[in-house]
Amino acid sequence: MPFNLIFIHLECFITYPITKIHTPDPIMIESEKKIREQICVEVINNPNSVFNVLSPEEKENLLQNMSCSFFKKGEYIYKEGEKPLGLISLKEGKVKIFKEGVGGREQIVRMAKPVGFIGYRALFAEENNIASAVAIEDSITCTVSYDMILKLIKTNSELSLSIIRSFATELGFSNNRTVTLTQKHIRGRLAESLLFLRDTYGFEDDGVTIKVYLSREDIANLSNMTTSNAIRTLSTFAGEGVIAIDGRKIKILDKVKLDRISKLG
């Protein structure tokens, strides 16, 4: 028990057990430091990372200005209104970026996968975050200090171009999503969201199950509809043999028909 209660003459005395103070184990600290450093090295050297274009010396300097963080499912990586601390790269896991709208309703504006960037718009605009990021499964991030990334951008034109291309790709996606969410009907919006999740995260080994398991609310927030509409439309798709549903797992059974529904809107 955390403590014992002793009642004497109608007075309540609380006694606490003596807690032994443990001195941090230097070996464990050093081991954790090496693990975090190795994670950052893997991000830097990943063939799909923009940092892969850096010289060995630049990579070493980058490593000295990089920190690694671990997030459990459901934890915030950053919140709307906070000041960004650096350029965040997702090493492992899946993240949703969302903005709260009227009545506190969420609108998911992006879904991130390794080794993509998150939180970069506010960082380079030197503004506070206008959206929040939450891990939808256990995730690992690596953050580069703002001063370091600016220094590299100014001295390495290839890195600058890679980052610009990455941002331009995200901008193109955002433009397309704007048209989808404002012009397509419910069926078209939901179909496109399922295709987007497939294209972003791929399939499980069975070749049909989308490799991300979102709640019905998240699917609705991604598709700009109410949760009840998302549930009803998913059931309709399942009844038409387009998808199969097993809890949060969604299997795409008829890719051609789902694509046609998305295009027709």
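Figure 1. G119 counts as buried, because its relative accessibility is 12%, under the 20% cut-off. In this predicted model, G119 sits in the loop that runs between β8 (117-118) and α3 (120-125). Setting aside residues up to four places away in sequence, G119 touches Y78, P84 and N129. One of these contacts, N129, is 10 residues from G119 in sequence. The C-alpha atoms of G119 and N129 are 7.1 Å apart in space.

**Figure 2. The cis peptide bond between P114 and V115.** P114 and V115 are joined by a cis peptide bond, with omega at about -5°. Most peptide bonds are trans. V115 is placed in the loop between β7 (106-112) and β8.

Figure 3. Most residues other than glycine have a negative phi. E126 has a positive phi, near 55°, and belongs to the loop between α3 and β9 (132-135). E126 counts as exposed because its relative accessibility is 63%, over the 50% cut-off. Phi of N224 is also positive, near 55°. N224 is located in the loop between α7 and α8 (227-239). With a relative accessibility of 30%, N224 counts as partly exposed.

**Figure 4. T180 in helix α5.** T180 is part of helix α5, which covers residues 157-183. The relative accessibility of T180 is 4%, so T180 counts as buried. When neighbours within four places in sequence are left aside, T180 is in contact with R189 and E192.

**Figure 5. Packing of helix α6 against helix α7.** Two packed helices are described by the angle between their axes and the distance between the axes. For helix α6 (residues 186-201) and helix α7 (residues 216-223), the angle is about 105° and the axes are 9 Å apart. This angle makes α6 roughly perpendicular to α7, because angles of 65 to 115 degrees are classed in that way.

**Figure 6. Packing of helix α6 against helix α8.** α6 also packs with α8, at an angle of about 80° and with the axes 10 Å apart. That angle makes α6 roughly perpendicular to α8. The α6 residues in the contact are I186, R187, L190, A191 and L194. From α8, the contact includes N229, A230, T233, L234, T236 and F237. The contact of α6 with α8 divides into seven nonpolar residues, three polar and one charged.

Figure 7. The structure holds one cavity of 30 Å³ or more. The volume of the largest cavity is about 50 Å³. Its lining is made up of L194, L197, I210, V212, L214, I219, R248 and I250. By class, the lining of the largest cavity has seven nonpolar residues, no polar residues and one charged residue.

**Figure 8. D246 in strand β11.** D246 is located in strand β11, which covers residues 243-246. At a relative accessibility of 54%, D246 counts as exposed. D246 and T209 are 37 residues apart along the chain, and their C-alpha atoms are separated by 9.8 Å.

**Figure 9. Overall context for the close-up views.** The protein has nine helices and 12 strands. Of its 265 residues, 39% count as buried. Among contacts in the protein between residues at least 6 apart in sequence, 66% join residues at least 24 apart.

Terms used. Residues numbered from 1 in each chain as written. Predicted model: local features only at pLDDT ≥ 70, side-chain atom pairs only at ≥ 80, totals over all residues. Heavy atoms only, no water. Axes fitted to C-alpha atoms, helices over the stretch in contact; angles between N-to-C directions. Helix = DSSP H or I, 4+ residues; strand = E, 2+ residues; numbered from the N terminus. Parallel < 35°, antiparallel > 145°, perpendicular 65-115°, else oblique. Buried < 20%, exposed > 50% of the residue type's maximum accessible area, 1.4 Å probe, protein only. Contact = heavy atoms within 4.5 Å. 1 Å grid on protein atoms, 1.4 Å probe; cavity = no way out; pocket = protein on both sides within 12 Å on 5 of 7 lines; lining within 4 Å. Points joined across faces, edges and corners; volume = space filled by probe spheres on them. Nonpolar A, V, L, I, M, F, W, Y, C, P; charged D, E, K, R; others polar.
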